[in-house]
Amino acid sequence: EDLYLPYKTKRRTRAQIAREAGLEPLADGLLADPTQDPQEAAAAFVDVDKGVADAKAALEGARAILMERWGEDAALVGELRTWLSATGVIRARLAEGKEAEGAKYRDYLDHAEALAKIPSHRLLALFRARREEILFLELEPGPDPEAGNRYAEGRVALRAGIADQGRAADRWLLDACRLTWRAKLHMHLMLDLFNQAREKAEAEAITVFGDNLVDLLLAAPAGPKTVLGLDPGIRTGCKVAVVDATGKLVATDTIYPHEPRRQWEQSLQTLRQLCVRHGVALIAIGNGTASRETDKLAGEVIAALSSAAGAAAPQKIVVSEAGASVYSASELAAREFPELDVSIRGAVSIARRLQDPLAELVKIEPKAIGVGQYQHDVDQYRLARALE
């Protein structure tokens, strides 16, 4: 990419316009012979017809030519990239007027950390905040930014063969070196290194996600047992679904044991009846909102059945309900249960994923299963390829 940069098709730059105006000899002349006075040398290139109104405009055009030339020097770009990659410090600053939205990123406000050492999860969090326009990210050249900037400017000058020897054009040439770094190379390399760092962080996140997903999909199944699935809820109630040993849906209901209705006894009675009628062996409880309260309800159901003569008490297990709502609204679920309410489909999924996790979870888009931190942020094509 660095070698190809000078030949890359791009929109007309200031340097191209300056070349068309005939200012390249001025740039080459001052670079070859710094004893020339820049103002006097530039006076000979003033040409209103070519858009060069005065000596100042001529010098600005000549400087743009040198900046583009040095900014596309593959050896220089490669050297500075390696240096900035090793020493750069990523700094986050809160965007103006984003104080309220920035609360969830409070750990990263005015955060500074070496790019070479920042963990992938922290980097992805910073990139998410930048994408949401809550944080601005910069890549400072080292822990002492000014010292780093001076070093980089010095490397540009050394590559160009420029030194301050008190000659007439030395200051003008050194100023061109300074602007090459600050206005051109620094921004170019920052974007380049951010892209590299993001790709590396995404690769790590995808690997972790894939490992976690394999462990989840290959979790030991409960086997062919009748399961009662509970999808906890407060205002909208708890959705109930019973599936038989083959996974076939045999009963559904909705109970309201929690606020605001607080129909605790009615809910207990409903669950006891379902357990007895269908010979429920396991109660699967989703781990979402009101899961703890619903787990207590299931515990009382089991206690009541344990004390009843001739009744077999089921066991209760809390399972992850991540992705259940995604499955509920999917086309696959609509084909499987066309007449079933969307909210009840989630309870069916919770029950079945206890019976056989692999058979149920493969119906859900992997990134919705909830076993990674940034699976929605990473490159979706790479994520899909990694999961094939």
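This report describes the overall dimensions, the strand pairing and selected residues of a predicted model.

Local features are reported at pLDDT of at least 70 and side-chain atom pairs only at pLDDT 80 or more, whereas totals for chains, interfaces and linings use all residues. Residues are numbered from 1 along each chain as its sequence is written, and side-chain values use heavy atoms, with hydrogens and water left out.

**Overall dimensions**

The secondary structure comprises 15 helices and eight strands; helices (H or I, at least four residues) and strands (E, at least two) are DSSP runs numbered from the N terminus. The chain has a radius of gyration of 33 Å, while a compact globule of 388 residues would have one near 21 Å. This radius is taken over C-alpha atoms, and the globule rule is 2.2 Å times the number of residues to the power 0.38. Along the principal axes, the C-alpha atoms fill a box of roughly 110 × 35 × 35 Å.

Of the 388 residues, 44% count as buried; buried means under 20% relative accessible area, exposed over 50% and partly exposed in between, with a 1.4 Å probe and protein chains only. The accessible surface comes to about 20,200 Å², and 51% of it belongs to carbon and sulfur atoms. These areas come from the Shrake-Rupley method with a 1.4 Å probe, and for residues only the protein chains shown count as cover. Among contacts (heavy atoms within 4.5 Å) between residues at least 6 apart in sequence, 70% join residues at least 24 apart.

**Strand pairing**

Two strands pair if DSSP finds at least two bridges between them. Strand 7 (residues 282-286) has five of its five residues buried, so it is largely enclosed by the rest of the structure. Leu282, Ala284 and Gly286 cover one side of the strand and Ile283 and Ile285 the other, all of them buried. Strand 7 runs parallel to strand 4 (residues 227-231), with four bridges between them, and Ala284 is the bridge partner of Gly229. Five bridges join strand 7 to strand 8 (residues 315-319), also in parallel; here Gly286 stands opposite Val319.

Strand 5 (residues 238-243) and strand 6 (residues 249-255) instead run antiparallel and are joined by six bridges. Val242 stands opposite Ala251 in this pair. The two strands form a hairpin with five residues between them, and Gly247 in the turn has a positive phi of about 90°.

**Selected residues**

The loop between strand 6 and helix 9 (264-278) contains Pro260, and the peptide bond from Glu259 to Pro260 is cis, with omega near 0°. Arg262 lies in that loop as well. Asp110 is placed in the loop between strand 1 (89-94) and strand 2 (112-114).

| Residue | Phi | Relative accessible area |
|---|---|---|
| Asp110 | near 55° | 51%, exposed |
| Arg262 | near 55° | 59%, exposed |

Phe127 lies in helix 6 (residues 120-131) and counts as buried because its relative accessibility is 6%. Not counting residues up to four places away in sequence, Phe127 touches Leu137, Phe194 and Arg198. Leu137 is ten residues from Phe127 in sequence and 8.2 Å away, C-alpha to C-alpha. Arg11, in the segment before helix 1 (14-20), counts as exposed at 75% relative accessibility.
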